[in-house]
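Take a look at the fold below.

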Amino acid sequence: MRIHPRPAPHGRPGRRRGARFLVTLLATVLSSCGLVSGSAMSDSVLPGPKAGYPGRPLTGAQLTVTSKEFTEQIVLGQMMGIIFEAAGAKVIDKTSIQGSIGAREAVKSGTADAAYEYTGTGWITYLGHTKPIVDPQQQWKAVRDEDRKNGIVWLPASTLNNTYALALNTANQKKLRVHNLSQVAALSHKNPGAVTMCVENEFATRNDGLPGMARAYGMNVPSGNIRKMTGGVVYTETQKGTCAFGEVFTTDGRIKAMHLHVLADDKHFFPNYNVAPEINAEALKKYPAMAKVLAPVTKALNNTVAQELNRKVDVDGQDPHEVAKDWLIREGFIKEG
């Protein structure tokens with residue numbers, strides 16, 4: 001039931017699409033099908049020196065965490081669960097639910113207590129808006145304020161922004177000398193043949209993808225210059241230089257691993273997808289310490305951190321739970337119990 005159609009590992013563009021009627025329909029289906037059963041986390045961990053709170057304020061709490069099924073979300077869901085464990089909670093792991101709507105409905109209904117979610121997903125997919133808010137802080141505030149009526153609390157967001165971008169390999173960057181999308185647009189008029197793109201099928205047709213980007217920047221990209229393929233192939237073909245430019249996601253671990261260079265979206269066309277804790281309001285009312293426990297971790301998240309952690313899973317083949325736990329220990333948020 002995948003309506004979050006960014007291909008593996010990240011599965012994300014569909015979070016921009018969701019109309020309210022679709023959310024309602026899928027929520028009904030999900031309630032009849034049920035969610036994946038969870039399992040208890042069993043880490044022996046305690047708050048670390050940088051935890052930012054005294055004692056173990058969630059002792060006695062039983063909390064369920066959830067996430068979508070792509071790498072970054074699974075790592076973030078594991079991170080959240082481990083942090084709750086360190087603070088004293090018993091944690092049920094319901095991460096890796098297929099699609100955005102499943103995880104969202106779990107938090108909304110109280111089947112799960114918390115998840116890390118993206119502000120752009122909240123604003124566009126869940127709340128039904130069509131135009132993103134350019135300023136990331138203002139978009140988070142707008143989502144936070146409007147989603148209260150749904151019984152959901154959005155805690156402050158991180159600077160981790162998992163959005164669309166174009167990238168190119170080192171050889172093409174040196175050859176073409178472009179650093180932002182406006183320069184790509186200028187090149188497309190000066191030398192159209194130089195602007196070839198490898199993109200996913202959906203990005204090629206979405207208004208918040210290639211067509212919208214081309215209009216916003218005034219790009220002249222002949223259809224013969226656009227090659228459509230699956231997400232993983234986009235990265236390898238861009239790395240090889242089959243296309244001068246490839247569609248990527250800004251927190252993907254393969255960007256650094258493949259030495260790709262991300263171009264600046266200097267007109268701020270693509271929506272902001274800053275990650276923030278999305279909490280069931282009743283759960284937060286019962287266990288208000290959840291906010292304090294998560295705050296320093298969320299603040300420490302950024303695109304560099306996400307790329308590193310995603311790379312460890314997607315490129316190095318490490319286990320998402322261990323990747324999350326190792327980072328939390330390294331950063332001083334938890335320690336072995």
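Contact means heavy atoms within 4.5 Å. Helices (H or I, at least four residues) and strands (E, at least two) are DSSP runs, numbered from the N terminus. This is a predicted model, where local features need pLDDT of at least 70, side-chain atom pairs count only at pLDDT 80 or more, and totals for chains, interfaces and linings use all residues. Residues are numbered from 1 along each chain as its sequence is written, and side-chain values use heavy atoms, without hydrogens and water.

Start with helix α9, residues 231-240.

Gly241 follows α9, and its phi is positive, near 90°.

Now the cores. A nonpolar core is a set of buried Ala, Val, Leu, Ile, Met, Phe, Trp, Tyr and Cys residues joined through side-chain atoms within 4.5 Å. The largest has 55 residues, and Leu58, Met79 and Phe84 have the most contacts inside it. Helix α2 (residues 71-86) gives the most to this core: eight residues. A second, separate core has 34 residues, among them Leu176, Leu187, Met213 and Phe245.

Which residues does Leu58 touch, leaving aside neighbours within four places in sequence? Its contacts are Leu63, Phe84, Ala87, Gly88, Ala89, Tyr287, Ala289, Met290 and Val293.

How values were computed
Buried < 20%, exposed > 50% of the residue type's maximum accessible area, 1.4 Å probe, protein only.
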